[in-house]
Amino acid sequence: YAEKQRRLNLMAQEMLITKEQWRTLTVVGKEIHEYWMKWKPKMYKELHQRGTLWKVLKSEDERLFEMMCEVVAEQRVPENQAWEIIRAEIYDEMIR
């Protein structure tokens, strides 16, 4: 628990979105945000400097959350497998 709290505190210090914006993200959006901060910091900061970070992040959150719901509901894929599909989108394709 202590390690998780330390990591969350560090992330909060580096976040370029507000706490209110963070709270509105789905679990998918939070994973996208954490990935961008950790593995794509240059892109993350550039989006912030251009004033488009929140717009792009929210758009990707909505797109991938809808995709996950579709995969689970319409294609009847178990949720854990749907997460793998979504994570592949997050980690392989972000920002086309």
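Of the 96 residues in the chain, 31% are buried, where buried stands for under 20% relative accessible area, exposed for over 50% and partly exposed for what lies in between (1.4 Å probe, protein chains only). The model is a predicted one, in which local features need pLDDT of at least 70 and side-chain atom pairs count only at pLDDT 80 or more, while totals for chains, interfaces and linings use all residues. Residues are numbered from 1 along each chain as its sequence is written, and side-chain values use heavy atoms, with hydrogens and water left out.

The chain has six helices and zero strands, helices being DSSP runs of H or I with at least four residues and strands runs of E with at least two, numbered from the N terminus. Among contacts (heavy atoms within 4.5 Å) between residues at least 6 apart in sequence, 62% join residues at least 24 apart.

Two packed helices are described by the angle between their axes and the distance between the axes. The axes are lines fitted to C-alpha atoms, for helices over the stretch in contact, and the angles run from 0 to 180 degrees between N-to-C directions.

| Helix pair | Axes come within | Crossing angle |
|---|---|---|
| Helix 3 and helix 4 | 5 Å | roughly 110 degrees |
| Helix 3 and helix 5 | 8 Å | roughly 130 degrees |

Helix 3 is therefore oblique to helix 5, given that angles under 35 degrees count as roughly parallel, over 145 as roughly antiparallel, 65 to 115 as roughly perpendicular and the rest as oblique. In this contact, helix 3 contributes Val28, Gly29, Ile32, His33 and Trp36, and helix 5 contributes Leu53, Val56, Leu57, Glu60, Asp61, Leu64, Phe65 and Met68. These residues divide into nine nonpolar, two polar and two charged, with Ala, Val, Leu, Ile, Met, Phe, Trp, Tyr, Cys and Pro counted as nonpolar, Asp, Glu, Lys and Arg as charged, and the others, Gly among them, as polar.

Where helix 3 meets helix 4, His33, Trp36, Met37, Lys38 and Trp39 of helix 3 touch Pro41, Met43, Tyr44 and Leu47 of helix 4, and by class this contact has seven nonpolar, one polar and one charged residues.

Within helix 4 (residues 41-50), Met43, Tyr44 and Leu47 are buried; they lie on the same side of helix 4 because they cover an arc of only 105 degrees around the axis, the arc being that of the directions from the helix axis to the C-beta atoms. The face of helix 4 turned away from the buried side carries the exposed residues Lys42 and Gln49. Helix 4 is followed by Gly51, with a positive phi near 80 degrees.
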